[in-house]
Amino acid sequence: MRRLPGITVVTALAVLASVAPAQAARPGDRPAHPRTPSPLSGTSTPSGTATAGTSARSGRQAAFTRAARTYGVPQSVLLAVSYLESRWEGHDGRPSVSAGYGPMHLVDGRAAAGRPHGTGEDPRGDETRPRLIAVPSVAKDRPRDTLRRAAELTGLSPDRLREDASANIMGGAALLADYRRRAGGSPRDDPAGWYEAVARYPGTRERGAADEDAAFSFADEVYATIRAGAARVTDDGERVVLPATPDLPTPLSPSAPSAPFAPPAPSTPPSASPASPASPVSPASPASPAFLAAFARPAPAKPSGPSEPRAPLPLERRASPSEPPTEPPAEPPSASPTPTPTPVPATKKIAMMPAPGPDCPKSVSCEWLPAAYERLPGGGYGNHDRSDGPREIDYIVIHDGETSYDAMTRLAKDPTYLSWHFTIRSADGHIAQHLRARDIGWHAGNWYVNSRSIGLEHEGYLAKGGAWYTEAMYLASARLVRHLAAKYDIPLDRAHILGHDNVPGTTPETVAGMHEDPGPYWDWAHYFELLGRPLRASGGDAARSVLIRPDYGTNRPGFTGCGGGCRDLGAASVWLRTRPSATAPLVRDIGKHPTGDSTYSVYDHAARASTGQRYALAERRGDWTAIWYLGQKAWFHDPATAPTSVRASGPLVTPRPGRSPVKVYGRAYPMKPAYPRGVPTQDLTPLQYSIPAGQAYSSGPATRGSYLRAASFDPSKHRVVTGDARYRQIQFGHRIMFVRASDVRPVTG
């Protein structure tokens, strides 16, 4: 496995330069410590003064220019690193899901890790099996403290670096320059010479070769961003632009000897004098052919201009590491014959034999960290179900873990816990795979969905998601989903790429306890742009459906229940009301709140529709649009000047004459005659909802009812039951649900 260059001994002059406070190259740009550049104009403001959010035009871009000049960092490198970590946002001093602050994501290593959320639900969603799930304790994880290292380098307080966006950018530039010197180089203008400094920037804990590969993957994304360019309006109201550099040369490798990277030693107190020139060091030398072969990636096509959004990047990145990947463990031996696989459509790909190593695209950093598969004392086993036959996959379920990456990867190894297929780290997008695609994770709380899905856990917290899921994590997740969707023929739409909050309960008793992650702060519109399937209007004015599509940045519905207060953040959800009025009550969800009303809690999806979900259009009145939702008409604010939906075409279903009200189900199980001897019949229990006559709901294609009986540690004893009954998946409320195909008729959408 490739290694980052070791830290070289630096001279006193280099140390002095690394810890000097940020100084502008020209007089007047940088006042003395402890005052920092204002993002408004380059003048100073007292510590704690809110300036980033009041800038009219020139704040954020000028802050990057000053910081790059002060520390000798190429501005394109500084901008691209910040884009991957925060999309240039200051977030008003709020931490990211991995305790990072500001546009440069300076990580507070003293922040406490979270704990698992919502583990009272049976993650399998199969009430016929005894629940033997324990909740182990989770130790606190402390990543590298780049926030305080930046404070040492700049002389600015940690509080100032957290709260002031331009000070934070100075801190990030100082870190990059320090990493560049410690890697055996010196600050210079050529972006290609900064590859190793960029790779070290995320500050993830070094556990070995996997983290080093993650560091290189992060650097690859940064350089791809420089080549492609990016532009957006940030939270200070300014348009920040990173011009495309499609002809950027392949990064150069320093001549320093190869050794594992170690955290920097404590520095001397910061000097009040201007930054001293770095001591002479060996200049970066051209990379060896092996290095070029390992790290070269094709430059993306040049965008049409800096205002164009960054397009999804190619799936392939670079050659795999030199060592062969770890082979997943083989299935346990079995004396029983393998059951005959259930026939599937000829056009549908299925998960069968495991690939050697993690099933990830080469464009991401990925390692195999297998989940536990063990017998438990007193009977039962954990923490997933193995399969030795084919498995049809219809869904990818997006979760946030409500705890740290390190905690999640440890929990996946606990046989008394639960399981999912992949965990994705926030700081750099590194991925751990725990299950093969053909195996069934216990993650969604609905056995039917579990048996037909792949689960992705993201490091994060539902109530803090807007502050923030990093771009590095979005990119890695989107690359992985594109890879899996292509491999298993999963449509890239919101009927198949689900949030955990879109998974239905299995019986009326389980509806209220279903999970709500990744929550309203997950930016579905941006995610589908990265997937290469932007959420757009279709069908014109004649279309009978609408696609929920608010502008994430300006759509600020407001929530309660965040613990410490919910801030006014952009979100992907719209409120649904009983009448076309902002003062009307929220619509009711009799499953979520059997005896009460819907709430404005960030954890309550009862009266919300989310970006990308398609609903049948019920009515339009002034600035309000009505959809059919949970058996009722639901209104959301949708003004022409700031629309929150677009017209969309697609199949709809409505009750057949004489069949209403139509029963709604949380799973598409076969009817009783389909079950063979020895397989317990599953009750086909309808949920507490129904569809009255005259209403319509968006629908997917019909599917045959099926049930996977997996109640044995020996996968050869599992059975798949497939019946003749056919179902249609519908978008009924915030969650998908199912109706009998014989109860509804298609409607042109």
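## Burial and surface

In this predicted model, 60% of the 749 residues of the protein count as buried, where buried means under 20% relative accessible area with a 1.4 Å probe, protein chains only. The accessible surface comes to about 27,600 Å², by the Shrake-Rupley method with a 1.4 Å probe. Carbon and sulfur atoms hold 56% of that surface.

The model is predicted, with local features needing pLDDT of at least 70 and side-chain atom pairs pLDDT 80 or more, whereas totals for chains, interfaces and linings use all residues. Residues are numbered from 1 along each chain as its sequence is written, and side-chain values use heavy atoms, leaving out hydrogens and water.

## Secondary structure and contacts

The protein has 13 helices and 30 strands; these are DSSP runs numbered from the N terminus, with at least four residues (H or I) for a helix and at least two (E) for a strand. Among contacts (heavy atoms within 4.5 Å) with a separation of 6 or more, 75% join residues 24 or more positions apart.

Six strands form an open sheet in the order 7-13-12-15-11-16, with mixed pairing; two strands pair if DSSP finds at least two bridges between them. Strand 7 (366–368) and strand 16 (497–499) are the edge strands, each pairing on one side only. Neighbouring strands are turned by 25° against each other on average, direction ignored, with axes fitted to C-alpha atoms.

Strand 7 pairs with strand 13 (residues 431–433) in the parallel sense over three bridges, and glutamate 367 stands opposite alanine 432 in strand 13. Helix 12 (residues 471–488) packs on the sheet, touching strands 11, 12, 13, 15 and 16. The direction of helix 12 makes about 175° with that of strand 15 (453–458), on a scale from 0 to 180 degrees between N-to-C directions, the helix axis being fitted over the stretch in contact.

How values were computed
Buried means under 20% relative accessible area, exposed over 50%, partly exposed in between (1.4 Å probe, protein chains only).
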